[in-house]
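Okay, thanks for having me on the agenda. Take a look at the screen while I bring this one up.

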Amino acid sequence: MLESLIRLAQAHARLMFRNEVTRLDAIAAILCIESSMTTSAIIDGDGNALNSNFQENPDQEYIKEEQKIRDKLGDYLY
């Protein structure tokens with residue numbers, strides 16, 4: 001699973017024309033894995049990541065999603 005997340009993050013970075021993987025790429029990879037599962041542990045019931053709208057400030061949306069992920073993972077991050 002970890003290797004899959006790494007490869008997805010790398011692919012997202014390439015898609016965004018970056019040579020280096022960022023936190024935003026890692027968040028996109030997590031959201032991709034979460035949305036592919038039948039039940040989502042992180043994405044809430046308000047919507048589906050695959051049907052999301054394009055936001056005027058996508059960086060702000062990534063920050064919100066990152067905070068959700070950090071809240072769910074809690075002590076595992078440290």
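Some housekeeping before that. This is a predicted model, so local features need pLDDT of at least 70 and side-chain atom pairs count only at pLDDT 80 or more, while totals for chains, interfaces and linings use all residues. Residues are numbered from 1 along each chain as its sequence is written, and side-chain values use heavy atoms, with hydrogens and water left out.

So, what does the secondary structure come to? The protein chain has 3 helices and 0 strands, running α-α-α from the N terminus. Those are DSSP runs numbered from the N terminus: H or I of at least four residues for helices, E of at least two for strands.

Of the 78 residues, 21% are buried. Buried here is under 20% relative accessible area, exposed is over 50%, and partly exposed is in between, with a 1.4 Å probe and protein chains only. The accessible surface is about 6400 Å², and 54% of that belongs to carbon and sulfur atoms; that's Shrake-Rupley with a 1.4 Å probe, and for residues only the protein chains shown count as cover. As for contacts, meaning heavy atoms within 4.5 Å, take the ones between residues at least 6 apart in sequence: 45% of them join residues at least 24 apart.

Let's move to α1. Which residues of α1 are buried? They are A9, H12 and A13. The arc is taken over the directions from the helix axis to the C-beta atoms. You'll know the background: an α-helix has 3.6 residues a turn, so residues three or four places apart point the same way. The buried residues of α1 pack against α2 and α3, whereas the face turned away carries the exposed E3, R7, R14 and L15. After α1 comes F17, with a positive phi near 60°.

Pick one residue from each side. H12 counts as buried because its relative accessibility is 15%. Its side chain makes a polar contact with the side chain of Y62 at 3.4 Å. For that we want a pair of N or O atoms within 3.5 Å; within protein, one must be able to donate a hydrogen and the other to accept it, and residues adjacent in sequence count only if both atoms are side-chain atoms. Leaving aside residues up to four places away in sequence, H12 touches R18, D25, A28 and Y62. R7, on the other hand, counts as exposed at 56%. The R7 C-alpha is 9.6 Å from that of A26, 19 residues apart along the chain.

Now α3, residues 58-73: 16 residues, reaching 22 Å between first and last C-alpha, close to the 22 Å expected. The buried ones there are E65, E66 and I69. They cover an arc of only 105° around the axis, which puts them on the same side of α3. Their cover includes α2, residues 23-36. Then comes G74, again with a positive phi, near 50°.

Last thing, the annotation. An unreviewed UniProt entry lists residues 1-36 as "domain: MCM AAA-lid". UniProt positions are in the numbering used here, feature names are shortened, and annotations may be inferred rather than shown by experiment. In the model that span is 78% helix and 0% strand, with its end C-alpha atoms 13 Å apart.

Note on methods
Expected span 1.5 Å × (residues − 1).
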